[in-house]
Amino acid sequence: MINISPFEATTQYKSIADEIEKNVCAVMASGRYIMGPQVKEFEIQFAQYLNCEQVISCNSGTDALHLALRALKIGAGDEVITTPFTFIATTEAIGIVGATPVFVDVELDSYNIDTQLIESKITERTKAIIPVHLYGRPCNMTAIMEIARKYNLKVIEDCAQATGATWEGKKVGTIGDVGCFSFFPTKNLGCFGDGGAIATSNAEIAARAEYLRRHGGKVKYHHEELGLNSRLDTLQAAVLLVKLPYLDQWNAARKAITDFYLEALSTTTGIVLPQKLHQGNSVWNQFTVRVLGGKRDIIQKSLQAKGIGSMVYYPIPLHLQEVHADLNYVEGSLPVSEQLSHEVLSIPLFPELESSAQQVVVESVKEVMADIYCLQ
Ligand SMILES: *Cc1c(COP(=O)(O)O)cnc(C)c1O
């Protein structure tokens, strides 16, 4: 029985188990479980990788967004423009600091925020834009930075799904004021639990985030502001130090798989493949197709029956989530996000996915699509 899951982490672990175990055991033996030297070392190496001044690590990508907003002093009464077609963490962070998310619809072919629609949503309360580089694909950062400069807005890049992606030659997360990263296991650079970081070249933002992540005090037991307990575990830093040097090669492996998918599925009726990017490079956190004709759910079921797992990111756009009912968005208000939430399907993709498995995925997708179109 074939069983190909959308994501699988243990093959990667096995490929570097010796290095990981050596580093993890060293932490355990050292006793320095909180803010051990590996944390700082990882921050330095990740800043070098991104080519920015500073990285401040923290406990998750969600906390990275929270810390970025707090570091920029965004809170009650402020509005933050973002996309409704993302994971809840993006607006959760905005809401938790007391600010209000303002949604701008996405583009059908990039799944990312439609930069043409941003200006009409700017008010005197708007403080920042949070573009999300969804599925590993960079947003149009040129247009976003132009708008931000014109209206004096901050830009916080949600790079949780896009570690290593570039826009016009620059790593995402280093173009806006702050970049927020997640090391959740399914992300391009994943640790063995929760982890996150912010990247910035602004010394004030870095300094504020650095003390906000450890209870809001620059000096131990002196607290100036309400902060968080949001440190990256030393154990996770030790894992990330091993993994970081492999990131580009893993991202290249993801790209090779997607090149195969794009070619092999190019003539399949009823699905729309991810479009090519001209100004940037995707790191393909997901390979997400649009299934047309209202057939997405049945296609997902049929694939499952063949042993092919797939995922729907995301079935409900954020403006229609119960938690955001107070924002008073109605169905139909952000039509492209709503359409995508009914059409998107992410098929198996991770760097270690073998070519025989890729072949099976492609054959299965072709078969289920052909079946659907014969039945009509
Ligand atoms: C995963 C993710 C986050 C949150 O990261 P965690 O580390 O899980 O808290 C934020 N934004 C997006 C777009 C994500 O995919």
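A polar side-chain atom of Ser-182 lies 2.7 Å from an oxygen atom of the ligand. This counts as a polar contact (a pair of N or O atoms within 3.5 Å). The model is predicted: local features need pLDDT of at least 70, side-chain atom pairs count only at pLDDT 80 or more, and totals for chains, interfaces and linings use all residues. Residues are numbered from 1 along each chain as its sequence is written, and side-chain values use heavy atoms, without hydrogens and water.

Lys-187 also places a polar side-chain atom 2.7 Å from an oxygen atom of the ligand. On the side chain of Asp-158, an N or O atom is 2.8 Å from a nitrogen atom of the ligand. Of the 380 Å² of accessible area that the ligand has on its own, the protein covers 93% (areas by the Shrake-Rupley method with a 1.4 Å probe).

The shell around the ligand holds 16 residues, each with a heavy atom within 4 Å of the ligand. Gly-61, Thr-62, Gln-161, Ser-182 and Lys-187 are the closest. Helix H4 (61-71) and helix H5 (89-96) each give the shell at least two residues; helices here are DSSP runs (H or I) of at least four residues, numbered from the N terminus.

Elsewhere, Ser-230 belongs to the loop between helix H7 (203-212) and helix H8 (234-243). Is Ser-230 buried or exposed? Ser-230 is buried because its relative accessible area is 0%, where buried means under 20% and exposed over 50%, with a 1.4 Å probe and protein chains only. A polar atom of the Ser-230 side chain lies 3.0 Å from the backbone nitrogen of Asn-59.

Definitions and conventions. Polar contact = N/O pair within 3.5 Å; in protein donor to acceptor, adjacent residues only side chain to side chain.
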